[in-house]
Amino acid sequence: MLEKSGVELLKVLNVKKYYPITRGLFGREVGVVKAVDGVDLEIARGETLGLVGESGCGKSTLGRVILGLEPPTEGSILFDGQDVSSLRRDELHALRRRMQIIFQDPYSSLNPRQTVGRIIAEGLVIHGIGTAAERKERVRRIMEVVGLRPEQINRYPHEFSGGQRQRIGIARALALHPELVICDEPLSALDVSIQAQVINLLQDLQGEFSLTYLFISHDLSVVRHISNRVAVMYLGQLVELAETEELFKNPGHPYTRSLLNAIPVMDPDRARESRKRKKTGIEAEPGTLPHTCLFQPRCPESMPKCEEGPPKMVEISPGHWVKCLSYGRAEPWAPTH
């Protein structure tokens with residue numbers, strides 16, 4: 001795993017993505033769903049940042065907004081100093097060569113009517129890179145790199161297993177030699193035995209091509225293995241951010257502790273202790289979020305002060321940030337511009 005270089009490649013500054021809730025014949029707007037609500041992040045070159053949280057918390061939406069696939073409602077995304085959200089269409093088109101995504105489902109993300117060669121070469125064609133012969137040669141090389149046989153170049157996706165299809169998706173993402181790759185739950189549709197192979201492949205490719213990863217997942221054990229730092233997301237907001245081992249050994253937010261307690265353990269005594277500390281209550285509806293701490297209705301550690309107002313992100317130890325009123329009202333995190 002690469003260490004952080006200390007030079008930020010990506011900065012996400014107060015990014016919000018709201019979707020309107022409409023009702024009636026004329027589509028009257030009655031509220032909004034805050035899929036992403038004021039997220040701040042920094043990712044250094046060569047780093048793997050793990051982004052974890054329950055399904056529906058906004059992880060994938062944040063990834064799509066970072067890539068410019070969806071416009072942010074508010075905030076800005078700086079990629080290597082360029083504001084992605086303010087670029088013209090032609091400028092964004094050029095920048096997308098440097099940012100790619102590996103999709104969650106290798107079955108639906110590949111065009112069944114195209115051969116593997118055409119799928120992997122599609123980005124090269126769109127960006128006008130090389131001649132037909134040069135593109136074919138590059139596709140063959142990248143297929144070898146990800147563990148596919150070059151002679152399979154004319155086969156179709158249905159002729160491959162699930163793990164091989166995900167390797168095709170990885171090859172497609174790497175064909176343009178990007179700097180940032182967003183891995184949107186790339187292992188969730190794969191068998192456990194195949195997951196280990198794909199994780200090792202991603203780590204090897206990171207070292208070979210100097211890649212930076214935003215690794216989105218709900219599998220904490222995978223995130224711990226592959227990430228330098230981990231960000232925990234709940235209902236569109238980040239609630240904790242820390243170095244990987246620090247977060248797993250000293251989780252600061254009650255929601256993070258609940259996620260860690262949900263990991264299956266073999267020790268019966270630890271399992272009983274974990275059940276005692278499980279979160280309570282139900283998750284708030286996306287359109288009717290509380291104006292205080294979002295986790296308060298479910299928090300097993302809730303206190304009267306949790307009704308005072310929304311918490312700020314505070315640093316409880318060097319590099320360890322937590323959004324919880326248990327740590328008082330220290331100054332919030334302000335990313336450098």
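Val139 is in contact (heavy atoms within 4.5 Å) with Gly117, Ile120, Ala121, Leu124 and Ile153, leaving aside its neighbours within four places in sequence. This residue of the predicted model lies in helix α4, where helices (H or I, at least four residues) and strands (E, at least two) are DSSP runs numbered from the N terminus. With a relative accessibility of 1%, Val139 counts as buried; buried means under 20% relative accessible area, exposed over 50% and partly exposed in between, for a 1.4 Å probe and protein chains only. Between the C-alpha atoms of Val139 and Leu124, 15 residues apart along the chain, the separation is 9.5 Å.

In the model, which is predicted, local features need pLDDT of at least 70 and side-chain atom pairs count only at pLDDT 80 or more, while totals for chains, interfaces and linings use all residues. Residues are numbered from 1 along each chain as its sequence is written, and side-chain values use heavy atoms, with hydrogens and water left out.

Helix α5 spans residues 162–174. From its first C-alpha to its last, this helix of 13 residues reaches 19 Å, close to the 18 Å expected at 1.5 Å a residue; the expected span is 1.5 Å times one less than the number of residues. Because 12 of its 13 residues are buried, α5 is largely enclosed by the rest of the structure. Among the buried residues are Arg165, Ile168, Ile170 and Arg172. Their cover includes β6 (99–102), α3 (116–126), α4 (132–145), β7 (180–184) and α6 (192–209).

Turning to open space, the second largest pocket has a volume of about 520 Å³. On a 1 Å grid over the protein atoms alone, a pocket is an open set of points with protein on both sides within 12 Å along at least five of seven lines, a cavity is a set where a 1.4 Å probe fits but cannot get out, and lining residues have an atom within 4 Å of a point. Grid points are joined across faces, edges and corners, and a volume is the space filled by probe spheres set on the points. Of the 16 residues lining this pocket, Gln100, Ile101, Phe103, Ile126 and Arg172 lie nearest its centre. β6, α3 and α5 each supply at least two residues of the lining.

The largest cavity holds about 90 Å³ of space. Its lining includes His253, Cys293, Cys299, Glu301, Cys306 and Cys324.

Elsewhere, Ser76 sits in strand β4 (residues 74–79) and is buried, with a relative accessible area of 16%. Beyond its neighbours within four places in sequence, Ser76 is in contact with Lys11, Val12, Leu13, Val15, Asp83 and Ser85.

For the protein overall, there are 10 helices and 12 strands, and buried residues make up 50% of the 337 residues.
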